Amino acid sequence: MPMNGTANTIKNEADERMPNHGQDKGQSQSQDQGQGKGQSQGQSQGQKTMKIQRRKVASSSHQSSSPHNLLNQAQKLKKTRIHEIKKKRRDFVRRINYVHLLTVVILPFLALSYILYSGESILPANQKTMYFTIIYYNITMLAFTSGYHKYFAHNSFKVKFGALKYFFAVFGSSCGLGSIRWWASLHRAHHRFTEDTERDPYLIKRGFIFSHYGWLLKKPKVTTFYDNFISQEFPLSDQRTDEELKHLEYTLQNEVAEMGNNDHDTSDEVSREDYDESTQSLLAWQQRTYPIWFLTTTLLIPIIITKFLCHDSMVHGLLYPGILRMFLCQQSLLSTESICHLKRIQVTIPTQPFNDKNSSQNCLNPLVALLTYGQSQQNFHHEFPHDYRCDNGFFTYDPTKWFIWTMEKLGIVHELCRTPDNLVVHLNLQQQQRVINRTKSQLNWGTPISKLPLISPKDFKNIIASSSNKDRIYIVIQSIIHDITPFMDQHPGGVPLLKASHGKDATKAFYGGVYGHSTAAINLLATMRIGILNNGNDEEVWKRVVKEEGEVEDESGSRTGQAQYRTAEAA
Ligand code: HEM
């Protein structure tokens with residue numbers, strides 16, 4: 001008995017695993033009758049196969065039901081599970097970026113723990129150390145935002161004096177966010193593949209924590225893609241032959257194509273005109289020596305200056321202008337990719353004045369502007385990444401643009417990339433139009449004229465004469481027949497005036513002959529359309545079609561909404 005029970009269970013399971021079984025059987029029977037022998041043979045073969053499969057399942061259940069086999073199976077399952085867990089753990093450990101774990105998590109954690117433990121204040125008690133920390137924060141932030149970000153990642157301006165590039169490279173390292181080559185390539189990938197799973201390194205869809213911290217701490221799964229991307233964006237050596245470069249580009253494009261369709265252009269987002277030999281060797285040098293510069297600018301310089309210029313302790317130098325300043329820089333820089341990509345979070349007051357097709361937001365909250373060092377206008381930045389500004393207004397809080405502008409005035413940099421205001425207004429208007437069209441397309445504007453049936457004057461007369469329509473009121477306005485019965489009793493001008501126009505052309509009366517109706521009344525009228533009176537007035541009707549459809553199209557080009565007052569009979 002128990003054996004039969006198990007066999008039945010397995011049989012049922014097999015039935016469940018083959019959900020079409022019952023249907024197939026039925027189908028085969030009915031098709032036998034309706035569609036001839038050929039198909040019925042095919043069907044019955046299918047049935048045979050299923051029977052064999054069922055027998056197999058039943059026999060395997062028979063074997064597995066012995067306690068010894070069951071034990072074996074359970075052990076195997078356990079082993080596989082343990083193996084999977086170990087593999088996951090190994091993968092997790094392998095994908096941790098230990099350098100960033102140290103710079104972004106461990107060092108700030110140790111510094112904060114020390115402050116809590118020793119009872120030190122979170123801000124330096126020594127005034128000079130305080131001023132130095134503020135100044136050093138600004139210097140290092142500017143090196144990063146104008147160097148790493150605007151110059152190396154986006155080519156927003158050109159540098160006249162090579163020393164400035166070295167300033168960017170050395171002091172930018174003090175933010176602890178990796179080498180220029182690594183960071184700028186990933187940042188370009190973020191701009192090129194914003195919102196695109198796997199390829200956007202800071203993908204906000206993976207959650208706030210991931211786009212803020214996770215991407216730094218966990219190496220991406222598709223490492224070949226990023227490795228190739230980095231090599232393509234910033235090739236390291238001139239020895240690379242043309243063929244090698246072509247192959248690299250080909251591999252990258254293939255990988256992009258394999259990862260799914262992509263609206264973005266795969267051509268270089270940023271022109272690499274400026275990527276000359278000296279920049280190339282600078283980037284290679286900075287990548288090689290990054291740990292030295294990180295230690296020098298994050299630990300050595302702050303300690304020495306705090307000790308000898310601020311006359312404060314070395315520990316305070318390490319703590320305030322050193323690690324805590326670095327922590328603040330990191331939070332400022334990382335917030336632009338997390339907070340400023342969060343949709344509908346009230347605290348940031350986000351807006352998308354230029355494009356709402358990706359997650360980038362212009363965060364209007366002054367606190368977010370302060371936190372992100374003026375880089376909070378991400379919607380602008382994503383539309384005009386080459387622009388050295390994060391907003392086209394000069395007075396919007398953005399220390400980076402003021403710094404670059406000042407350097408231009410001093411003749412240190414030139415050819416600043418500025419988006420013409422005209423283009424900014426274009427995009428802003430286009431976005432407004434997009435929003436208007438979207439809202440419009442969600443409203444009921446009545447049946448579009450082009451979709452109304454043509455009704456001949458004779459048929460119209462028959463409709464009016466029909467006894468089933470004796471309580472209805474049909475009015476023709478501008479050759480469109482309207483069934484205004486549902487609205488009749490609400491008409492502010494009263495029922496008699498409407499009844500007087502029943503079955504007639506009331507265009508003149510409606511447009512001022514008796515009363516000049518408001519636009520609201522005209523819109524309401526449109527919801528009551530039932531057909532076009534085929535009275536030879538085609539040109540006028542089609543002019544209206546063209547005008548209306550241009551006005552009420554959504555992004556997909558379709559016009560939605562059904563006439564609210566449209567009656568069953570009319571339909
Ligand atoms: C057939 C000929 C029509 C005549 C002679 C007519 C006449 C009038 C008059 C005299 C008023 C003013 C009432 C007052 O302020 O005391 C009025 C108001 C109004 N009528 Fe008509 N009406 C006609 C058809 C329609 C139709 C077909 C609709 C809508 C489907 C409509 C909708 C309105 C609305 C909404 C108002 C309020 C004022 C406004 O929004 O313009 N009428 N009408």
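1. Where is histidine 311 found? Histidine 311 sits in the loop between helix H12 (277-308) and helix H13 (314-338); helices (H or I, at least four residues) and strands (E, at least two) are DSSP runs, numbered from the N terminus. Although it is not a glycine, histidine 311 has a positive phi of about 50°. Asparagine 155, also not a glycine, has a positive phi of about 45°, and its place is the loop between helix H6 (127-153) and strand S1 (158-159).

2. A word on the model before going further. This is a predicted model, in which local features need pLDDT of at least 70 and side-chain atom pairs count only at pLDDT 80 or more, while totals for chains, interfaces and linings use all residues. Residues are numbered from 1 along each chain as its sequence is written, and side-chain values use heavy atoms, with hydrogens and water left out.

3. Now to the iron atom of the ligand. Its protein donors are His491 (NE2) and His517 (NE2), lying 2.0 Å from it; donors are N, O and S atoms within 2.8 Å of the metal (3.2 Å for Na, K and Ca), and water is not among the atoms, so sites may look incomplete. This pair links distant parts of the chain, 26 residues apart: histidine 491 is in the loop between S7 and H19, and histidine 517 is in the loop between helix H20 (507-510) and H21. The site is octahedral, with angles of 88 to 179° among its six donor atoms (six donors count as octahedral if opposite donors are over 155 degrees apart and all others between 65 and 115). Ideal angles for six octahedral donors are 90 or 180 degrees.

4. What surrounds the ligand? Of the 18 residues around it, His491, Pro492, Leu498, His517 and Ser518 come nearest (a residue is near if one of its heavy atoms lies within 4 Å). A polar side-chain atom of serine 518 lies 2.7 Å from an oxygen atom of the ligand, a polar contact being a pair of N or O atoms within 3.5 Å. Helix H19 (495-500) and helix H21 (519-526) are the elements that give two or more residues to the shell. The shell divides into 13 nonpolar, five polar and no charged residues.

5. There is also a sheet to look at. Four strands form an open, mixed sheet in the order S5-S8-S7-S6, where two strands pair if DSSP finds at least two bridges between them. Strand S5 (454-455) and strand S6 (474-477) stand at the edges with a single partner strand each, so one side of each has no neighbour in the sheet. Strand S7 (residues 480-483) and strand S8 (residues 529-533) run antiparallel and are joined by three bridges. Histidine 482 stands opposite arginine 529 in S8.

6. Finally, the record. An unreviewed UniProt entry lists residues 464-534 for "domain: Cytochrome b5 heme-binding"; in the model this span is 28% helix and 18% strand, with its end C-alpha atoms 16 Å apart. For "transmembrane region", the unreviewed UniProt entry lists residues 96-117, 129-151 and 163-184. Residues 96-117 are 91% helix and 0% strand, with end C-alpha atoms 29 Å apart. Residues 129-151 are 100% helix and 0% strand, with end C-alpha atoms 30 Å apart.

How values were computed: Polar contact = N/O pair within 3.5 Å; in protein donor to acceptor, adjacent residues only side chain to side chain. Nonpolar A, V, L, I, M, F, W, Y, C, P; charged D, E, K, R; others polar. UniProt positions renumbered as here; feature names shortened; annotations may be inferred. Tetrahedral: all angles 85-135°; square planar, octahedral: opposite > 155°, others 65-115°.
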